[in-house]
Amino acid sequence: ATRGGGGGGGVEPNTITYNSLITISGNTGRWREAMDLLERMQERGVQPDVITFNATISALEKGRQSKEALRVFQRMAEAGVEANTVTYSALISACEKG
């Protein structure tokens with residue numbers, strides 16, 4: 001990937017880039033976009049981390065999508081990413097909101 005200049009190249013998004021975009025999506029009420037970003041990230045071979053999953057679950061919690069939040073939690077476990085207190089807090093909140 002190149003930075004700036006000619007040639008039309010761009011910076012390839014990495015985990016940090018996706019985490020930022022997912023967080024922004026969640027904070028602005030766009031949970032579907034957060035889910036799309038998680039999908040696109042994995043399709044491009046960028047490995048999600050605990051922050052990625054937490055941000056996605058939080059976006060779903062804010063959008064009152066508890067079932068989808070639980071599905072993302074399952075995907076997190078399948079990916080071998082260990083949940084933390086932030087994960088569980090967001091899941092509990094999502095389940096409370098429905």
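The structure is a predicted model. Its largest nonpolar core has 22 residues, and α2 supplies the largest share of them, six residues.

**Nonpolar core**
- Within the core of 22 residues, the members that touch the most other members are Ile22, Phe53, Ile57, Leu60, Ala69 and Val72.
- Two or more core residues come from each of α1 (15-27), α2 (31-43), α3 (50-62), α4 (66-78) and α5 (85-97).
- Leaving aside residues up to four places away in sequence, Ile22 touches Ala34, Leu37, Leu38, Thr52, Ala55 and Thr56.
- In soluble globular proteins, nonpolar side chains tend to be buried together.

**Helix α2**
- The 13 residues of α2 span 19 Å from first C-alpha to last, close to the 18 Å expected at 1.5 Å a residue.
- Trp31, Ala34, Met35, Leu37, Leu38 and Met41 are the buried residues in α2.
- Viewed down the helix axis, the buried residues of α2 fall within an arc of 160°, so they line one face of the helix.
- These buried residues pack against α1, α3 and α4.
- On the face of α2 turned away from the buried side are the exposed residues Arg32 and Glu43.

- Arg64 lies in the loop between α3 and α4.
- With a relative accessible area of 52%, Arg64 counts as exposed because the cut-off is over 50%.

How values were computed: Residues numbered from 1 in each chain as written. Predicted model: local features only at pLDDT ≥ 70, side-chain atom pairs only at ≥ 80, totals over all residues. Heavy atoms only, no water. Core = buried A, V, L, I, M, F, W, Y, C linked by side-chain atoms within 4.5 Å. Buried < 20%, exposed > 50% of the residue type's maximum accessible area, 1.4 Å probe, protein only. Helix = DSSP H or I, 4+ residues; strand = E, 2+ residues; numbered from the N terminus. Contact = heavy atoms within 4.5 Å. Expected span 1.5 Å × (residues − 1). Arc of directions from axis to C-beta.
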